[in-house]
Structure formats: C-alpha cells, structure tokens
Amino acid sequence: MTEFVLHASMPKIVTDLILFEYLLRLGDSPLILAQRLGEWVGKGPIVEEDLALTNVGLDLLGQARMWLAYAGEVEARCSPRGRDEDALAFHRDAGAFRNLLLVEQPNGNYADTMTRQFLFDAWHVRALQALTRSCDPRVAEIAAKGAKEASYHVERSGDWMIRLGDGTDESHAKTQSALDNLGMYTGEMFASDAIDAALADAGIGFDHAVLLAPWREHVDAVLEEATLALPAAEWMQGSGGRGGRQGVHGEHLGHLLAEMQYLQRAYPDSQW
Amino acid sequence: MYAQMVDTGLKEVRTADDMPPEERAFQARIDADIKIEPKDWMPEAYRRTLIRQISQHAHSEIVGMLPEGNWVTRAPTLKRKAILMAKIQDEAGHGLYLYSAAETLGISRDQMLADLHAGRAKYSSIFNYPTLTWADIGTIGWLVDGAAIMNQIPLCRCSYGPYARAMVRICKEESFHQRQGYDIMLAMSRGTDEQQAMAKDALARWWWPSLMMFGPSDAASVHSGQSAAWKIKLLSNDELRQRFVDQTVPQADFLGLTVPDPALRWNDETGHYDFGAIDWSEFHNVIKGNGPCNRDRLQARVNAWDEGAWVREAAMAHAEKRAAGAARAVASIQQQGRTA
Ligand SMILES: [Fe+2]
Ligand SMILES: [Fe+2]
C-alpha cells in the first residue's frame, strides 16, 4: 500500500474527508457490538448478567452516537451532505460500515459473547486511551469519556474469562473453543492503513501497531489465570488492508443491518 | 395488576375473635400503620400471601422484558434504542429488588424461579400479548407502565416494610417509562399515515388487556377483603381501574386516538368515565395459559435459565476454587506461625 502522509499544506477538505472516514471506524465498532448485546436482552444466564450486558451495550451505544454525530458534522464541512447519527446508522449498506470484523461475529453462547467482548475491550480501552491525546479536541473528549467506560468493561469481561476458563470442564472447553474461533479476527485491530497513518501523522489518530504488545500482554495474563490460551495465528482475517475497517465484511453483518435498519428503510420519511 | 388474583389461602376475613393474642397484636400494628419488618412475628397466611404477591410482581418485571426486548434490535433511532435498553434494564432492576423483598420472607430466588418455570407461579396477564409494531413499545410504556404506577403508588404505603420500600424506588422509574412511552405515541400519532395507523392499531389491541391488568371486578375478588385488612392491597381492583380510565382517556384524546370502546362516555353525575364490559373469559383464559404468547414467554424464560446453567455452574465452581485457595493460604500461614 502506498504511504500517504497528511501535510499541513494539504487543503482542509482533504483532512476532513479522512477524518470522516476515521470517525466511522471509531463509531461503527461500538454501534455493531451494542446491537449484538441488544440481542441478549431477556436471555442472560441470570438477571444480574442481563443487567450488566445491557449496561455495557448502553455505554457502547452512547459512544457510537457521539462518534457518529461528530462524523456527520465533519461530513457537512467537506461534502454537500452532512448526515446525522441516524442517517449514518440506518441508511448505509454493509459495505459502507467500518466496524471491526470481531464485533459483527454472532453472539453464540455466553462464552462466545464474553470472549468477543474481552478481546475487543482489551483493545478498545487502549485505543481510546491513545485517542485522549488527540490534537482534535472533540476526538480527545469523546475518547476520554469512552476510555473510562471501557476500562470497566475490560475488567468485567476479563473476570468472566477467568471464571469460565477456570470454572468447570464444560465452561473451559466452550471458552477455549470461542478463543480458537475468534482469534483470527484480532489481527486487524493492530494494522494501520493509509488513513490511520495519515491521522497518526497529523496527531489526530495513533499508530495501531503499538497497541499489539500491551494488548497481548494483558490478554495473555488474563488467559493464563483462566487456564486458556490464544490460538497460534496462522492467518488473520482482514489482512492486507481488506478488513472491516475498510468495509470488507463477512456474511453476518448484512443480516444484522437488515434487522437494525428495517423501520428506517421501510418508512424513510418518518420521524420517530 | 402485576400481581393479579393473589390467593390469601383464607375463605373469610379474619376477625379479632378468630385471632390468638400475637395475631391480634400484629393486626393492631397494621391498623396503626406501623410497618411489619422481616424479623417481626406474622401470621403464616400473611407471609404466604405476600410471597405470592411479591414474587408474581417480580416475575412480571422479568417476563415483561421479553415483549419489549422484541424491539430492541429494531428500534427506529439510536436515541429510542438507548431509551428502550435503559427501560428494560430498569425492569430487570425492579425484578431484583422484588426478589430480594420476597427473600426476606424466607423463600429463595431459585425456588421462586423454579415455581415460575414449572408454571406454579403467575405473572401479569398483560405480558402474554405480542408486540407487533414499534407503536406497541409506545403503548406499553404509556398504558402498561401507566397501569403499573396506578397500582404501585398506593403499595408504597403497604404494611410490609421491604415491599413498601421497593415500591418507592420502583415508582420513580415507572413514571419515566410512562412519559417515554407517551412520547413515542406522540411522535407516531403526529407522524405519517402509516405511523398513525400503527398507533391506532396498537391502542386497539392493548386497551382491553390493560384494563384487565387490574384483575377481576370487586364482586368477583374473593381474596381482596383479607388483603385489604392486611394493608397489602390498599385500593380495590375496580377503584384502580376507574382511576386508570379517568386518567388515560384524556391522554388518548390529546393524541387524537380513539379508545376502542363504544360504551365509553363521560358521566357528569359520577364525575368519572363510564366504560363497557370487560371480556372476562379472555382474561381467565390468558391467566390459565391460553393467551397468544403464554407458551412463548414461559419457554423463553425456561430456555434462558437452562442455557445459562453451565455459566452459573462455572461461576460457582470458580468461586469455590478461589475460596479453597484462600483457605489453603490461610492454613499455610498458620502452619508457618506454629513452626516459627
Ligand atoms: Fe417495572
Ligand atoms: Fe416500567
């Protein structure tokens, strides 16, 4: 991939176009994960977990709304249309979504859901912490609020990994199998493409590769206590700049969106 | 209501002559509006009736998450989705306070859930109706939470302390729910033709089941007298239902929606709305398990519980390993202390 560097001399409109794209990446992952967590409502293994899952879902939905609202404002600066959070959430097709492949994976059983959550949370909290140092004050502000929530999320999902991994034989087997299935979706969290590089260079974003070592250390420490292990990475999905953050998704996302977007698509001229 | 037709196990209201001295003292405290607390002496029938009433109420909060959960993934805007998720989360919280209140009477949550899953315990008839359009989510907040508040505000003064205190907390949140539901209805009844049709249809489907929430007419309520004497039922079913109709009809008028009752009219003499006869055969059938969603609702709860069994077992097994590890550590420190 050709390296593309943002220069101070570059017209503002170009920076904004790139920033818009980047904000979709930041907003779409929590949006899609919140949607997945919403599928659990009323079905948790115990009422306290129903409450806790919804709580995490609500935090992520709140973060998504802030990122997408800002994305819409930036879009208005650099294009004839500036879509609001709902236009962005409900009127884009799957190929225009910029979420990580990990978060669009189906809920599966509780071990699948918690493993997906933990692998994401351990990345998310670091990504948000890195963004608190953004030179774009709105980005820094949204990230600071999100980072506080994400640090609670990762503590919780990490605790569950330990309980499930070091629980019964059955829970151990289910959780190890979840890790084996989801491990290959973690690679794209640490791959920077031209957009990431440009924004890192401009001081707005960050270099995704630097999160890998601390993420791995955190995940390994929790998994060790849980008597679990990440699978050896043979091939990461979304490699080569063709992952969810570039709009290349799996089959699951289309179904998720069909359900999520149905009312807005069926009655496009309505206020709700 | 959320607790309908609660059986007191007694055929007649107990009079002072029937009562041994400790029961007379208990009734005197209730008559003087002194709260009964878990450690206080109470008649067995009072304890059992409260367990039935509070657990029915708790189960209603939990089962009630299902019809609304049906629309979480399809909420039309992100804001409405967030409000709905927060509401359902509140209902889960209500279920938890109420299970805790019932546990103070000497029953475990596991036992209450086992009773629900086996069909021995009831929950409100209202949650056995389907949510077919987004307007149903508005209607549930407006009518169902509205009816719940109507019933629960008096219960804040009920004789059993833990139940009364749970009600105070819950009522605050229910009034938010009602306003949010009404706000959905306002948007839809001012919306496109299709939205107005959804709003109208939702009211048509939910009106009568909402009136049934208050339970059988006073004439048919065999257990109400004793529950009233115990102050765990402060207003009669018909009084509450009338209050609900009087409050709700003007709200429907403001939305421009018609209440589906040709007999409904304002009565200047009584100062209340007159309304048509309720189809009690439908009510009794829904209570018996023959409503449109009884099977689905109960199955969904049973599935959640059964599919979660391995998760609860894992959490327990891990907690035991932790405790055993801690005990070993303490023992080895003590051992070192002795050998030192
Ligand atoms: Fe409630
Ligand atoms: Fe409520």
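Phe214(B) is buried, with a relative accessible area of 2%. Buried means under 20% relative accessible area, exposed means over 50%, and partly exposed lies in between (1.4 Å probe, protein chains only). Phe244(B) is buried as well, at 0%. The ring centres of Phe214(B) and Phe244(B) are 5.4 Å apart and the planes meet at 50°, so the pair is tilted. Rings of Phe, Tyr and Trp (its six-membered ring) pair if their centres lie within 6.5 Å; planes under 30 degrees apart count as stacked, over 60 as edge-to-face and the rest as tilted.

Helices (H or I, at least four residues) and strands (E, at least two) are DSSP runs, numbered from the N terminus.

## Basis of the model

This is a predicted model: local features need pLDDT of at least 70, side-chain atom pairs count only at pLDDT 80 or more, and totals for chains, interfaces and linings use all residues. Residues are numbered from 1 along each chain as its sequence is written, chains are lettered from A and ligands numbered from 1 in the order in which they are written, and side-chain values use heavy atoms, leaving out hydrogens and water.

## Other aromatic contacts

Over all chains, the structure holds 16 aromatic pairs. One of them joins Phe26(B) and Trp41(B), edge-to-face, at 6.1 Å centre to centre and 80° between the planes. Phe26(B) belongs to helix H1 (residues 21-31) of chain B. Trp41(B) is in the loop between H1 and helix H2 (44-63), 15 residues apart from Phe26(B). Phe26(B) is buried, at 3% relative accessible area. Trp41(B) is partly exposed, at 39%. Ring pairs also tie Phe26(B), Trp41(B), Tyr46(B) and Trp230(B) into a cluster.

## Charges over rings

A charge sits over a ring if NZ of Lys or CZ of Arg is within 6 Å of the ring centre and within 35 degrees of the ring normal. Lys174(A) lies over the face of Trp310(B), 4.8 Å from the ring centre. In chain B, the charged end of Arg179(B) sits over the ring of Phe176(B), at 5.3 Å from its centre.

Donors are N, O and S atoms within 2.8 Å of the metal (3.2 Å for Na, K and Ca); water is not among the atoms, so sites may look incomplete. Four donors count as tetrahedral if all angles lie between 85 and 135 degrees; four count as square planar and six as octahedral if opposite donors are over 155 degrees apart and all others between 65 and 115; anything else is irregular.

## The iron ion (ligand 2)

The iron ion (ligand 2) is coordinated by Glu91(B) (OE), Asp145(B) (OD), Glu174(B) (OE) and His177(B) (ND1), at 1.9 to 2.2 Å. Its four donor atoms subtend angles of 89 to 153°, so this arrangement is irregular. Glu91(B) bridges the two iron ions, ligand 1 and ligand 2, which lie 3.4 Å apart.
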